[in-house]
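Let's take a friendly walk through this structure together. Keep the sequence and the 3D view at hand as we go.

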Amino acid sequence: MPEQLSVDGPTITELPSDPALRMTIEQAHRSPSKPAAGKLLDVRNLSTQFFTPDGVIRAVDDVSFELGHGETLGLVGESGCGKTVTALSLTRLVPDPPGKIVAGEVFFDGVDVLKLSTDAMRRLRGKEIGFIFQDPLTSLNPTLTIGFQIAESIRQHMGLSSKAANDRVVELLSKVGIPRARDRLGDYPFQFSGGMRQRVMIAIALACDPKLILADEPTTALDVTIQAQILELISTLSDEFRTAVLLITHDLGIAAGMCDRVNVMYGGRIVETGMVDQLFETPQMPYTWGLLDSLPRLDDTREGRLRTIEGMPPLLIDPADACRFNPRCLYVRDICREKEPMLTPRKGEGHDARCWGTEPDGWIK
Amino acid sequence: MTATVPEAAKRVRPTDEHNLVDVDGLKVYFPIRAGIFKTIQGTVKAVDDVTFEVRKGETLGLVGESGCGKSTTGRAVIRLREPTEGTVSFDGVDLGTLNSDKLRRMRRRMQIIFQDPYSSLDPRMTVGSIIAEPIETHHLAKGAAKRERVAELLKMVGLDPKYVSRYPHEFSGGQRQRIGVARALAVEPEFIVCDEPISALDVSIQAQVLNLLTDLRDRLGLTYLFIAHDLSVVKHISDRVAVMYLGKIVELGPPEILYYGPGHPYTRALLSAVPVPDPQAERKRRRVILKGDVPSPVNPPSGCRFHTRCWLYERLGQPENCRTEDPPLRVLSGDHRAACHYAEEALKTDVGIAHLDDTRVRRGTPDYAFKAATVDAAEQAARFEAPVAELIAEQLGGTTTAPAEDSKDSKDSKPAE
């Protein structure tokens, strides 16, 4: 379709309009050889399934993405879209049974973590990869002191003496903004407020200078003013230590403020990926439009009804070969119900979407 | 400084000056009991001297962080919680003077929608009996008329009436919240306290429920007290907004004033903390990061309760009266009230509102896309939803255990014992 390509810019001129051809290009792009050079994390065709009495749930279905050193990547989507399971799969923390990573490769710093021994995996978690979970009350052990819990991974992974470990703990606690850190080593989690506990979680995550932090809804349980404190802390610390962050959030506002790049997930698939500006300026997928539309905004001047996405997210048991968003989509055509679109390039470097309608020869323009 | 209020944000509000609810000097204290004799060790001042009014036909938003007393206020207003001091009048009648019988009759006119759709519906009652219960309690309808009313209510909230004999666990969170709304509407109330009605739901489902609440308000002429922690949501739905901090209302006014030129430093800090889904606006923002946590309501700070975290207090060189004098909620202009000694100083700054000036508001769906729509949005919205359980069964190729078309021939909506 050369007449459209002239409008759409040079990046997609080479792109064949035949979906079959595009597929081979995409496959070539992912051909199983060496991990992407210079990338900290390279996830390829990751699939995680849950085997339940009702059937096999494809929680994460053929997900591929990369994350560079010091980069912040957002995984955005609603509950059940597979964003948390993706993060758990990266560190092989998916509860088994019923969950199982059935396919894919996860290269972390050039090593496929899915092939590592249990011991090697344990050495990786906590040392190279730090975690911040949603609920700091349940992710800290209530019967152990804060000092012990932070020092645990330092002793485990860095082989420091208990005195040196303690000094490191004090240093970390002051870094995350806990006043009078040395006096608080003997305190238990219940003596800390929600925001303080999340700071402790961040201290644990940073304890061994990890290369990657997985932050799963780190501020969802917190109030907005505390959320602002924690987000500020995460972004300053990740800049300072050049730590990459995989930020999982349902809040598009947080993604807009924190991330360099964003993956939008729906029904176990990545449906759109791009640099943060591309994604918010020129989204290319009706689901992303719908997500942005359904948010009431502070800077909004519109009145009355919000535009919504009607219906509910799909069940991920035996999904048909069709766009998973098609029952809720306003732009649906027959092809959407007959064949699932691939994640294909859009205008702009690194901006991909999974939608027949917004493809160069699609009908939404 | 006040950001320019866009023309579109100035809306016509209910002009009826008749107050439906008058809250005067409301205090709700909870005793802390400890030790073997359970002696009173202190009091949590959850709500401490709050005065406001809800005008007939308006939606008053009540916003604040957890523990600020907004939910307790909401409950005290419809007397689910006995106030320690102060009065609440509904339509001119002081609720404190009513005996339990009269209060029950008054409650028909005021209802509440709760936050958690998972715990606020009895799992052993069918949807039909959940909605029919208030109708029975208030002797509004019997037999066929009652069943008809239940069906009508279900339709009103977008659920198919054929699912009356299903149980709450078969529905999704958003659908359950619709059931909660139907139950509240069952007695034809005039006033509904919406206590964080969408906080537990996903973004796309939040918008659906929010639309349902606005539609019902406009259709039935309801008055809402809308409690939420999300400023964007409150701004969207409210005619006036009250901001609470540590048991007090610190600012009250129409949303365009509150969001474009707030007079209380706390409101400004809140505004600056809310993330906006626009990367450019986010980069432009200068956040006021408040120090520390909200102080305990057992020992609130002296004077102005916000002074321990206040950026304006620091900026003005820690004036003494902030520590010693509790600022009253005073009128700044017209309908705008704030409780700050130095509200005029706050108005001179652009803290918290800088990013609102001259941002082009970008929406999700681009304008060109609508031409390509093949499904009518309104039509899609009007479709009734089947319970989640039904969808799963359908997908598995089996049939559901409960018959679906039993609403017509069922004797009663009560479950079989």
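Is A:Leu93 buried, exposed or partly exposed? Bear in mind that this is a predicted model. A:Leu93 has 15 other C-beta atoms within 10 Å. A buried residue would need 20 or more and an exposed one 12 or fewer, so A:Leu93 counts as partly exposed. To find this residue, look in the loop between α3 (83-90) and β4 (99-108) of chain A.

Four strands of chain A form an open sheet in the order β2-β1-β4-β5, with antiparallel pairing. At its edges are β2 (55-68) and β5 (111-112) of chain A, each of which pairs on one side only. In general, strands of a sheet pair through backbone hydrogen bonds, either parallel or antiparallel. Here, β1 (residues 39-52) of chain A joins β2(A) through 10 bridges in the antiparallel sense. Within this part of the sheet, A:Phe50 stands opposite A:Ile57 of β2(A).

Now turn to chain B, which has 15 helices and 12 strands. Of its 417 residues, 46% are buried. Among contacts in chain B between residues at least 6 apart in sequence, 70% join residues at least 24 apart. One helix to pick out is α9 (residues 265-273) of chain B: nine of its nine residues are buried, so this helix is largely enclosed by the rest of the structure. Among those buried residues are B:Tyr266, B:Arg268 and B:Leu270.

Terms used: Residues numbered from 1 in each chain as written. Chains lettered and ligands numbered in written order. Predicted model: local features only at pLDDT ≥ 70, side-chain atom pairs only at ≥ 80, totals over all residues. Helix = DSSP H or I, 4+ residues; strand = E, 2+ residues; numbered from the N terminus. Contact = placed C-beta atoms within 7 Å. Pairing = 2+ DSSP bridges.
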